[in-house]
Amino acid sequence: MVDVKNWINGLLASKKVLVISKSYCPFCHKAKAAIESFNFVPGALEWIEIDGRDDMNAIQDYMAELTGGRTVPRVFINGEFLGGGDDTAAAKSSGLLEKKLAEVGAI
């Protein structure tokens, strides 16, 4: 089994945008719609669907440790937690999401 903490920390360090998601989650779909409205630099975005993974609970437990919540989605920009589905959609509406993505060179 993958060492979840090291794996997630590696992704946070190497990806400009990391999203922990579940394929059937409506809030994840909301975040995906906001995020995918931008044209990303190749390799800048990593989208991890955790439903069906053996380590799903361990990933969610580590999300709780990092962000204070284990619900999905968990959206990170440049290693910093942005929020969940509503937060991401609101950041897109306000222009904050585009600003943050541009600042880190993701778009």
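This is a predicted model: local features need pLDDT of at least 70, side-chain atom pairs count only at pLDDT 80 or more; totals for chains, interfaces and linings use all residues.
**Lys-30 and Asp-86**

I started with Lys-30 and Asp-86, whose side chains meet in a salt bridge at 2.6 Å, N to O. I count a salt bridge when a side-chain nitrogen of Lys or Arg is within 4 Å of a carboxyl oxygen of Asp or Glu. The pair links distant parts of the chain, with Lys-30 in helix 2 and Asp-86 in helix 4, 56 residues apart. For the elements I took DSSP runs, numbered from the N terminus: helices are H or I with at least four residues, strands are E with at least two. Lys-30 is partly exposed at 37% relative accessible area, and Asp-86 is partly exposed too, at 42%. My cut-offs: buried is under 20%, exposed is over 50%, partly exposed is in between (1.4 Å probe, protein chains only).

Residues are numbered from 1 along each chain as its sequence is written, and side-chain values use heavy atoms, with hydrogens and water left out.

**Other salt bridges**

How many salt bridges does the structure hold? I get eight. One of them joins Lys-5 and Glu-65, with the closest N and O atoms 3.3 Å apart. Lys-5 lies in helix 1 (residues 4-14) and Glu-65 in helix 3 (residues 56-67), so this pair ties together parts 60 residues apart in sequence. I also looked up Asp-55 and Arg-53, which meet at 2.8 Å, N to O. Asp-55 counts as buried at 4% relative accessibility, whereas Arg-53 is partly exposed at 29%.

**Arg-74**

Next I checked Arg-74, which is found in strand 3 (residues 74-77).

The Arg-74 side chain does reach the backbone oxygen of Thr-71 at 2.7 Å. A polar atom of the Arg-74 side chain also lies 3.4 Å from the backbone oxygen of Gly-69.

**Strand 3 and its partners**

I found both faces of strand 3 covered: Arg-74 and Phe-76 on one side, Val-75 and Ile-77 on the other, all buried. Strand 3 pairs with strand 1 (residues 17-21) in the antiparallel sense over four bridges; pairing takes at least two DSSP bridges between the strands. Val-17 has Ile-77 as its bridge partner in strand 3. Strand 4 (residues 80-83) is antiparallel to strand 3 as well, over three bridges. Those two form a hairpin with two residues between them, and Asn-78 in the turn has a positive phi of about 55 degrees.

**Helix 4**

Which residues of helix 4 (residues 85-94) are buried? They are Gly-85, Thr-88 and Ala-91. These cover an arc of only 130 degrees around the axis, which puts them on the same side of helix 4; the arc is that of the directions from the helix axis to the C-beta atoms. They pack against helix 2 (26-35), strand 3, strand 4 and helix 5 (96-103), with contact meaning heavy atoms within 4.5 Å. Ser-93 and Ser-94 are exposed on the face turned away from the buried side.

Technical notes: A polar contact is a pair of N or O atoms within 3.5 Å; within protein, one must be able to donate a hydrogen and the other to accept it, and residues adjacent in sequence count only if both atoms are side-chain atoms.
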